[in-house]
Amino acid sequence: LPAGTVFDDGLTLLEHVPQGHKVALVDLAEDAPILRYGETIGYAAKVIPRGSWIEESLVRLPKAPPLDSLPLATQVPPPLPPLDGYTFEGYRNADGSVGTKNLLAITQTVQCVAGVVDYVVKCIKNELLPNYPNVDGVVGLNHLYGCGVAINAPAAVVPIRTLHNLALNPNFGNEVLVISLGCEKLPPDRLLNEGGIPIKVASDDVICLQDEKFTGFQSMVEAMMRQAEAHLERLNRRQRETCPASDLVVGLQCGGSDAFSGVTANPAVGYAADLLVRAGATVMFSEVTEVRDAVHLLTPRCANEDVGRALLREMAWYDDYLSQGKTDRAANTTPGNKKGGLANIVEKAMGSIAKSGSSAIVGVLSPGEKVKQKGLIYAATPASDFVCGTQQLASGITLQVFTTGRGTPYGLEA
């Protein structure tokens, strides 16, 4: 809006204000708190007259909420009346989980086989999938891990657990096909047996590309295609069946955020999250970097002190990570977030946690850990869209609701 715009209450803009940006509703003295969402998102860097554009440079970042003095489980929301009778059409698996898709996934132990896996996925889509109409697609679970890394380092548990649990996602129908190179630090036995429930597979379902039986690239491709077809035949026999909404495992995420995200899309998702929890479903929200500055609003909602301490543990990990990297949380937000009206990470966090709704937080997952309970869960992940989505898939989501303010082509193929 241009300078001179007058609102019904008499507020007059003193300068041009871009779409989505903030305006001072009262005169603000230097160091006065700037409030949005009823929370202090920063302090005035200088005197800000009423009607002024509160642009980024005028908002001094406040300190992060201290983790050693936050209330735990002091305002646990009472459970709302259950919602019964809601269903969806899903694929029930032998382990009791339910998928929303019927996909063939190809797991790899190391980044060195990614090119071959990508080539075979294209061949399967073009040559095999048309013969199996009940299969929704095929995905290669590519990654940049498995070799050239300190595989026994303490933090290696995270990528290994993530890759292990990805193979068990309910949308893959308990069909596990593994492609190995043969000389990697993360061999199939370790991938299949570390990080969660051991995965039992037939010997034919682990294909090692360094096996001397292969005479070249084409023979590798043919072996992978043959084994993929055996999995497709089993997947194709599956049929959707009516399942209760309590079998849903839904992930929530936002990206390309702006100042509207926290007052439009994210609160709507939060409302839906509460409905899903009432229906007995599992709902995950994530993004450590966009929860840290709002954690003081979440710890009182934790179902008990143990859940609260687990939430604080993940926030403390992030603080330590920033300290080791000699940076701070001001590095988030992005230039696009700021152009869309978000002054800093505090304001961004307040809008982000709106996705979580108002239910009690009943559990906390470390990155890539498999979910084992229903209700509202905090799954610790980075805020990066693709990393967060991958971690949530490893934790067991079968559907993701993604909101965006400025727009993004992001999507999870699984």
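Are Trp317 and Tyr321 buried or exposed? Both residues are exposed, where exposed means over 50% relative accessible area, buried under 20%, and partly exposed in between (1.4 Å probe, protein chains only). The model is predicted, so local features need pLDDT of at least 70 and side-chain atom pairs pLDDT 80 or more, while totals for chains, interfaces and linings use all residues. Residues are numbered from 1 along each chain as its sequence is written, and side-chain values use heavy atoms, without hydrogens and water.

Five aromatic pairs were found in a search of the whole structure. Rings of Phe, Tyr and Trp (its six-membered ring) pair if their centres lie within 6.5 Å; planes under 30 degrees apart count as stacked, over 60 as edge-to-face and the rest as tilted. Trp317 and Tyr321 form a stacked pair, at 5.3 Å centre to centre and 10° between the planes. The two residues are four apart in helix 7, and therefore about one helical turn separates them. Phe402 and Tyr410 form a tilted pair, because their planes are at 40°, with ring centres 4.5 Å apart. Phe402 is partly exposed at 22% relative accessible area. Tyr410, at 10%, is buried. Ring pairs join Phe386, Phe402 and Tyr410 in a cluster.

Helix 7 spans residues 305-324 and also holds Asp319. Helices (H or I, at least four residues) and strands (E, at least two) are DSSP runs, numbered from the N terminus. Asp319 is partly exposed, at 27% relative accessibility. Leaving aside residues up to four places away in sequence, Asp319 touches Leu67 and Arg292; contact means heavy atoms within 4.5 Å.

Strand 2 (residues 33-36) has alternating side chains. Ile34 and Arg36 point to one face and are buried. Strand 2 pairs with strand 3 (residues 39-44) in the antiparallel sense, over four bridges; pairing requires at least two DSSP bridges between two strands. Arg36 has Glu39 as its bridge partner in strand 3. Two residues lie between the strands of this hairpin, and Tyr37 takes a positive phi near 60°.

A further sheet is open, with three strands in the order 7-6-12 and antiparallel pairing. Strand 7 (98-99) and strand 12 (241-244) stand at the edges; each has a single partner strand, so one side of each lacks a neighbour in the sheet. Strand 6 (residues 87-92) pairs with strand 12 over four bridges. Gly90 has Glu241 as its bridge partner in strand 12.
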